[in-house]
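Here are some friendly notes to read beside the model. Take the points one at a time and look for each element on screen as you go.

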Amino acid sequence: MSTIQNYLLELVEWGEEVQRKIDSLEISAEEKNSLNKQIETWIKNVKVNSNRDITHDDEIIDVLQGEAQRIVLSMKHNHNSNTEQVGYGKHKLPQLPYNYNALEPYISEAIMRLHHDVHHQAYVDGLNKAENELYVKQPDKSLVKHWLREQAFHGSGHNLHTIFWFNMTPNSDKKPSGDILKQIERDFGTWKKFKNLFNSTASSVEGDGWAVLYWNPRNGRLGVQSFEKHQLFQIADIIPLLVLDMWEHAYYLQYKTDKESYIENWWNVVNWQNVNERFAKAKKLKWALY
Ligand SMILES: [Fe+2]
């Protein structure tokens, strides 16, 4: 047996260990189900390739390793969302759930590196600073308003970018399915009508902002909204499900002023599975309807 075949068999064993780990996680049955499906497909894929004649430099090895990394990050993401707390001033930049070049040709590696490592990191640092000033130190009364403004800007920037990275995948289904599709059809009529409204929302953003598909627990419906910068033009009490970054730093390097092509191409990398997972969790929040 070749060393590469041995390596693939080790990967299968590792995958089976991950399956056991998923069972022991304190996450919902839906999340377990979704992760189990992903790891089962991955193990099947490794087994198929262990029967083929492949070499070390075969790109399938990179693909399998990249997918394994994505599944582990997804586990960590779900686990974090259920069991842990972040101390004031202790936010961390989440690792991307895919490689920097994974969304090419739709979003270039250069944009992803700059956007994630520099811009998102700056929001994390800004939020930590604001939280330290507000909650850890004794803030000077005259500066409270300033730090609250900083917290709103950087906190919203951090949260929206975190949603954005997990809203995307190199393995997009290209269109919604399951519960989110049913809800889109119920509230917007058709997937096409929703997509047109979302696209118009994204191109209506002046300067820096976001297009957002959200769940509104106050009327039990989906809606579309643009956010100005990160924190203005918002609706309180809604839960964003799918967000598109329309800041120039998200597209200018690759698309220059052609916002429309950026918007249209972005649909090729939307992670509808992630949107469905967010929707399943958001729907559990029940407020009185008004
Ligand atoms: Fe951004």
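1. A definition to begin with: strands here are DSSP runs marked E of at least two residues, numbered from the N terminus, and two strands pair if DSSP finds at least two bridges between them. Please keep in mind that this is a predicted model. With those terms in hand, look at the hairpin of strand 1 and strand 2: four residues lie between the strands, and glycine 220 there has a positive phi near 60 degrees.

2. Now for the sheet around that hairpin. Three strands make up an open sheet, in the order 2-1-3, with antiparallel pairing. Strand 2 (221–228) and strand 3 (239–245) are the edge strands, each pairing on one side only. On average, neighbouring strands of this sheet are turned by 20 degrees against each other, direction ignored.

3. How many bridges join strand 1 to strand 3? Six bridges do so, with strand 1 covering residues 209–216 and the two strands running antiparallel. Strand 1 and strand 2 also pair in the antiparallel sense, over eight bridges.

4. In strand 3, its bridge partner is valine 243, while in strand 2 the bridge partner of valine 212 is glutamine 225.

5. Is strand 1 largely enclosed or open? Seven of its eight residues are buried, so strand 1 is largely enclosed by the rest of the structure. A residue is called buried here if 20 or more other C-beta atoms lie within 10 Å of its own.

6. Next, move to the other end of the numbering you will need. Helix 1 (residues 3–24) and helix 2 (residues 29–50) have axes that come within 9 Å and cross at roughly 165 degrees. Angles over 145 count as roughly antiparallel, and helix 1 and helix 2 are therefore roughly antiparallel to each other. Their crossing is left-handed.

7. Which residues make this contact? From helix 1 they include Leu8, Val12, Gly15 and Ile22, and from helix 2 they include Leu35, Ile39, Trp42 and Val46. By class, the contact of helix 1 with helix 2 has 11 nonpolar, six polar and two charged residues.

Terms used:
Residues are numbered from 1 along each chain as its sequence is written. This is a predicted model: local features need pLDDT of at least 70, side-chain atom pairs count only at pLDDT 80 or more; totals for chains, interfaces and linings use all residues. Axes are lines fitted to C-alpha atoms, for helices over the stretch in contact, and angles run from 0 to 180 degrees between N-to-C directions. Angles under 35 degrees count as roughly parallel, over 145 as roughly antiparallel, 65 to 115 as roughly perpendicular and the rest as oblique. A crossing is left-handed if the near helix is turned anticlockwise from the far one by less than a right angle, and right-handed if clockwise. Two residues are in contact if their C-beta atoms, placed from the backbone, lie within 7 Å. Ala, Val, Leu, Ile, Met, Phe, Trp, Tyr, Cys and Pro count as nonpolar, Asp, Glu, Lys and Arg as charged, and the others, Gly among them, as polar. A residue is buried if 20 or more other C-beta atoms lie within 10 Å of its own, exposed if 12 or fewer, and partly exposed in between; C-beta atoms are placed from the backbone.
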